[in-house]
Amino acid sequence: MADAAQRDPTASGLDDVVAAETQLSDVDGARGQLVIRGHAVEELVAAATFEDAVFLMWNGAMPSPAEREQLRASLAAGRNASFATLPLLGLALETPDAMDALRGAVAHLIASGDLATDRVQLTAAIPVFAAAWHRARSGQSPVRPQAALTHAADYLQMLSGETPRPERVRGLDAYLTCVVDHGMNA
């Protein structure tokens, strides 16, 4: 890449300008490829759960069964902790705009200073807050998370109040895996 001193002053555009470098994902729009931590997104979507994709993003490798279960349990605990904060959120969940509500609710989270703890808590809180906002807008009470469910299944049950069908859970796992990271190329 040419630095500023070597660039042609008559050139226009951002050719050869690197806006960010990441090991997380690579989007090649010309080839229609999305590679997440070295895995083609199609491979991940076909086989991975959201927990698998998150572990891959955070650790650079797919989880072992024990690591997957540990992450699932940590996310479940985080969802339950987030649910306990719902009475404190009041106005944050009453706003008519979903993103404003989510930003307001997330702003109530308190960082522990430990990256591993904080990323689990943030990841766990978002579906709780989103589902609670959706239900409040529909005149319904929030639904308590169920620790025995996967992240995707629990989000669906918090939205609907019903146990989700397996194909819906698989569909949400596939979607969340597909959008887990796109770098800066949205």
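**Ground rules.** I note that this is a predicted model, in which local features need pLDDT of at least 70 and side-chain atom pairs count only at pLDDT 80 or more, while totals for chains, interfaces and linings use all residues. Residues are numbered from 1 along each chain as its sequence is written, and side-chain values use heavy atoms, with hydrogens and water left out.

**Confidence.** I read an average pLDDT (the predictor's confidence in each residue, from 0 to 100) of 88 for the protein chain, with 88% of the residues scoring at least 70. The lowest confidence falls in strand 1 (residues 25-28), at a mean of 74, and the highest in helix 8 (residues 151-160), at 98; helices (H or I, at least four residues) and strands (E, at least two) are DSSP runs, numbered from the N terminus. I keep in mind that where pLDDT is low, the predicted coordinates should not be read in detail.

**Salt bridges.** I find five salt bridges in the structure, each being a side-chain nitrogen of Lys or Arg within 4 Å of a carboxyl oxygen of Asp or Glu. One of them joins aspartate 52 and arginine 68, at 2.4 Å from N to O, and this pair links distant parts of the chain, since aspartate 52 lies in helix 2 (residues 50-59) and arginine 68 in helix 3 (residues 65-84), 16 residues apart. Aspartate 52 is buried, at 4% relative accessible area, whereas arginine 68 is partly exposed, at 30%.

Returning to glutamate 69, I see its side chain meet that of arginine 72 in a salt bridge of 2.6 Å, N to O. The two are three residues apart in helix 3, and so are separated by about one helical turn; arginine 72 is buried, at 16% relative accessible area.

**Helix packing.** I then turned to helix 2 and helix 7 (residues 115-137), which pack at an angle of about 150 degrees with their axes 13 Å apart; axes are lines fitted to C-alpha atoms, for helices over the stretch in contact, and angles run from 0 to 180 degrees between N-to-C directions. The contact (heavy atoms within 4.5 Å) is made by Phe50, Trp58 and Asn59 of helix 2 and by Arg119, Val120 and Thr123 of helix 7.

Conventions
Buried < 20%, exposed > 50% of the residue type's maximum accessible area, 1.4 Å probe, protein only.
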